[in-house]
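This report walks through selected helix contacts and backbone features. Keep the sequence and the structure open while reading.

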Amino acid sequence: MKRNACILVVEDERIVARDIQATLQRSGHSVPEIASSGKQAIALAEEIHPDLVLMDIVLPGEIDGIQAAGEIGERLGIPVIFLTAYSDDPIIERARAVEPIGYILKPYGEKDLLTTIEMSLHQFITTRNRTEEALRRSEAYFRALTEKSSDLISVLDQDGITRYSSPSVVHLLGFEPDELIGTSIFDMIHPDDMAMARPIFEQLLNETGPIPAAILRTRHKNGSYRWFEAQGANLLCDPEINGIIVNARDITARKLAEDALKESESRYRRLFEDAPEAIWIHDGNLLMEVNPAAAALLGYERPEELVGVSVLGLVHPQDRERVRTRIQTALQTASVLPARDFRMLHREGRTIYAEITASPCDYHGRKALQVFLRDTTERRLAEIELRKANRALKLISECNEVLVRATDETSLLNEICRNIVVVGGYRLAWVGYREQDQAKSIRPVAQAGFEEGYLETLKLTWEDADRGRGPSGESIRSRQPVACRNIQNDPKFTPWRGEALRRGYMSSIALPMIHGDETLGMLAIYASEPDAFGEDEVALLFELANDLTYGIITIRARAARAAAEIALQQQFEHLNALNTINIVVMGSLNLRLTLRLSLEQIIRQIHVDAADVMLLNPHTHILEPGESVGFRVTDVMKLASVHIGEGIAGKVALERTAIFVARLDEQDENAPFIAAENFVSYYGIPLVVKGQLLGVLEIFHRTPLNPNTDWVNLLESFARQAAISIDNAVLFDNLQRSKIDLEMAYDTTLEGWSRALDLRDKETEGHTLRVTEMSMRLAKAVGMSENEIIQVRRGALLHDIGKMGVPDAILLKPDGLTPEEWVVMRKHPVYAYELLYPIKYLRPAVDIPYCHHEKWDGSGYPRGLKGEQIPLSARLFAIVDVWDALCSDRPYRPGLPVEEVYHHILNETGRAFDPKIVEAFLNLVDQT
């Protein structure tokens, strides 16, 4: 149950403090301030009074976190949770001394932080409410005891002034309680008793605790005096009382009876018979006189029924020795025995409590004791119930600390049972879970106390059957606490009575553990006395069962969340591994690299020692080594080639199904390296894509494998990825071969075309190959890429392809061309473009055939491009083309000297040629 709280964070590391503040505020809590020292923490706690303080143990300054927490808890009552990275014993002992409600260890997770705060707040609020309720009950019990008591209870200050009088003063002295407030106790005492009263009061002032009782007379409102037996206790040093408690009992009747006995036997007899107090006389053994009030106290109709009865026979067996000792003391010393409470046996068998006072007397010449009995059963039962409730409250407080610290379910259950026995004082505690089996059984899961195999004899069920009608089964069915007040005579405990009594169990209670609509089980507690579980105690123990259920559900939720996080992390790692392999498969066509990465991921994710891939040779039908990881023997895979159908891998390939071998040493046929590698288990899985077997993935482990469904599914996913990578590599290899074959065919065709052009144009035979080779060198010199150089080569081979559209009469004309013929000749770049551009393969090479007659100043043809509008490949080829043309012999002229061509190129720089390309070209020429 979540509760938004105001929280003060005390942490000297600002980054950590701000992170905690942000986390808490995201969860709905309020963090108005952050303190960085113990002194500041105390000041802010006084100012804002938060619901909770998160306190770092180690803080700078004079006051550390433990001191600050102690002062905040003591002065302000604010709960503290310690933030600490320390776990040494002295610090832990100091921290525990200030009673924090929880601990958060650094470094912490966000969920642990919020869960600890929620549980700690829940337990603190629950404990505080219970404490307040216990205080309320205690006050109520005290008020009931004082207001209903027939005794007069007063509280005096050190001067004897009355500060409080119980309501019984009305019928005892006739005054209203308020009338005596502020009056001196000495104004109420008979003048003849003052000489005794003042020394007793002085003794009270000088001594702490109670002093012996005094008998004196006290004034009634009507002016008469009543005899009281008063006892005082000095509690001036107790800050809760700060006074002297006086408990006075009206003994007027007793005094009158004593006086009457002295004066007249007959008068005494009347007083004895009519006295409201129970009185009897015995000789230390048998009762001799019993008044009606005493007979009524013990449930008898007539006093005569008790005459001659043994005194000790009317006393509870456990108190008989104490009573015998008191009787002997009184008879031997002839002294009055002060009042003491003893248990008596009522005629109906139940126990009653009586306050007994005894004084020696002479009964017809015999030594005897006159005994006054006052029924205190109601008060004593109230005190017992209060003591049980306080015991249960203490038990709950201790168990709440266990709930806050608990990290696992088994430890929580056993520790709670242990606290019930050790702190609660019960004989046995155990927890049983409700099972959903056919027998509807109750399964014990934790216990503490004196058990001696008792739980093994129970054979409990929550079904409405013989062994399901006891407290345990009934509590689960009814979802209510079920108590057995006395195992000796409770019929529903019949199946287990003998074993229970043999172990000293006299009463028990079963408390259901309820979560929503579900009953998880029940908490059973056994006591060594009958009627051990009072109403208030049962209610508190039921709360303990509810708290235990809350702790179980919280731990289970935390464990489920942790398991889900682990599963999610594993799934993420598996997906990440598959994604990594997928990226490599998609981005790399290196089969061995891909297989190695895949095998490394497989070994890491499915936690095995070694793995390999055997590749199928489709021509020989042999599984050949592909790649391996995790083997210890060098080159072990060279020995692993097998035919399909042979060995385990061959069977996997032949049957195209996975094969698991739990014990390799039990196989008749093993690869030579199995023993050397100490492999124990094996798993082989076929690699198949589109119905085609590509190989086998083999898994080896040096300890026994126990593959589950998730493990196999993950391995199959890796196998599919491996098969895809093999298939991709094969396809790419085939594609590369086809591409190379096609490119070679294209290049051979282009070279054939260039030779055909040279054969057609006798004047330029050999020209094409020369300019192609030089253009490629120049392209490399100016920094063109390998792919661009390939396109330069193809463009250079095809630079005059357009002349195929020029008539032979013009192309082969031995003398100069006419203007009309030049128009036709200058169309050959356009013919080249129209011929090559539709061919996608040759499109990147079209720049040279189309643009090599363009000039740097824009005076070229066919489009009149200028400067860098001309493609780079065409600009560099133009220079090479002119150089080769001028240096080569022609039918109509011989080739020019290199120096002259060199100067011609320089002269055309900036007009026909790109200056930068000219510079690079001439440097190239100079180097050759």
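Which residues in helix 23 meet which residues in helix 29? The model is predicted, and the answer is read from its atoms. From helix 23 come His767, Arg770, Val771, Met774, Ser775, Leu778 and Ala779. Facing them in helix 29 are Leu876, Phe877, Val880, Asp881, Trp883, Asp884 and Ala885. By class, this contact has nine nonpolar, two polar and three charged residues.

## Helix 23 against helix 29

Two packed helices are described by the angle between their axes and the distance between the axes. Helix 23 spans residues 767-781, and helix 29 spans residues 872-887. Their axes come within 9 Å. They cross at roughly 140°. An angle over 145 degrees would count as roughly antiparallel. Helix 23 and helix 29 are therefore oblique to each other. The crossing is right-handed.

## Helix 23 against helix 31

Helix 23 also packs on helix 31, residues 915-927. Here the axes come within 10 Å and cross at roughly 115°. That makes helix 23 roughly perpendicular to helix 31, because the perpendicular class runs from 65 to 115 degrees. This crossing, too, is right-handed.

Which residues make the contact between helix 23 and helix 31? Helix 23 supplies Met774, Arg777 and Leu778. Helix 31 supplies Ile917, Ala920, Phe921 and Leu924. Six of these residues are nonpolar, none is polar and one is charged.

## The buried side of helix 27

Helix 27 covers residues 828-836. Its buried residues are His828, Pro829, Ala832 and Leu836. They span an arc of only 105° around the axis, so they sit on the same side of helix 27.

What covers the buried residues of helix 27? The cover includes helix 26, residues 819-825. It also includes helix 28, residues 847-851.

Asparagine 400 belongs to helix 13, residues 377-405. Is asparagine 400 buried or exposed? Its relative accessibility is 3%. The cut-off for buried is under 20%, so asparagine 400 counts as buried.

Asparagine 400 and glycine 551 are 151 residues apart along the chain. Their C-alpha atoms are separated by 9.3 Å.

## Backbone exceptions

Most residues other than glycine have a negative phi, and most peptide bonds are trans.

The peptide bond from tyrosine 861 to proline 862 is cis. Its omega is near 15°. Proline 862 lies in the loop between helix 28 and helix 29.

Glutamate 452 has a positive phi, near 50°. This residue is in the loop between strand 18 (442-449) and helix 15 (454-458).

Lysine 690 has 77% relative accessibility and counts as exposed.

Methods:
Residues are numbered from 1 along each chain as its sequence is written. This is a predicted model: local features need pLDDT of at least 70, side-chain atom pairs count only at pLDDT 80 or more; totals for chains, interfaces and linings use all residues. Side-chain values use heavy atoms; hydrogens and water are left out. Buried means under 20% relative accessible area, exposed over 50%, partly exposed in between (1.4 Å probe, protein chains only). Helices (H or I, at least four residues) and strands (E, at least two) are DSSP runs, numbered from the N terminus. The arc is that of the directions from the helix axis to the C-beta atoms. Contact means heavy atoms within 4.5 Å. Axes are lines fitted to C-alpha atoms, for helices over the stretch in contact, and angles run from 0 to 180 degrees between N-to-C directions. Angles under 35 degrees count as roughly parallel, over 145 as roughly antiparallel, 65 to 115 as roughly perpendicular and the rest as oblique. A crossing is left-handed if the near helix is turned anticlockwise from the far one by less than a right angle, and right-handed if clockwise. Ala, Val, Leu, Ile, Met, Phe, Trp, Tyr, Cys and Pro count as nonpolar, Asp, Glu, Lys and Arg as charged, and the others, Gly among them, as polar.
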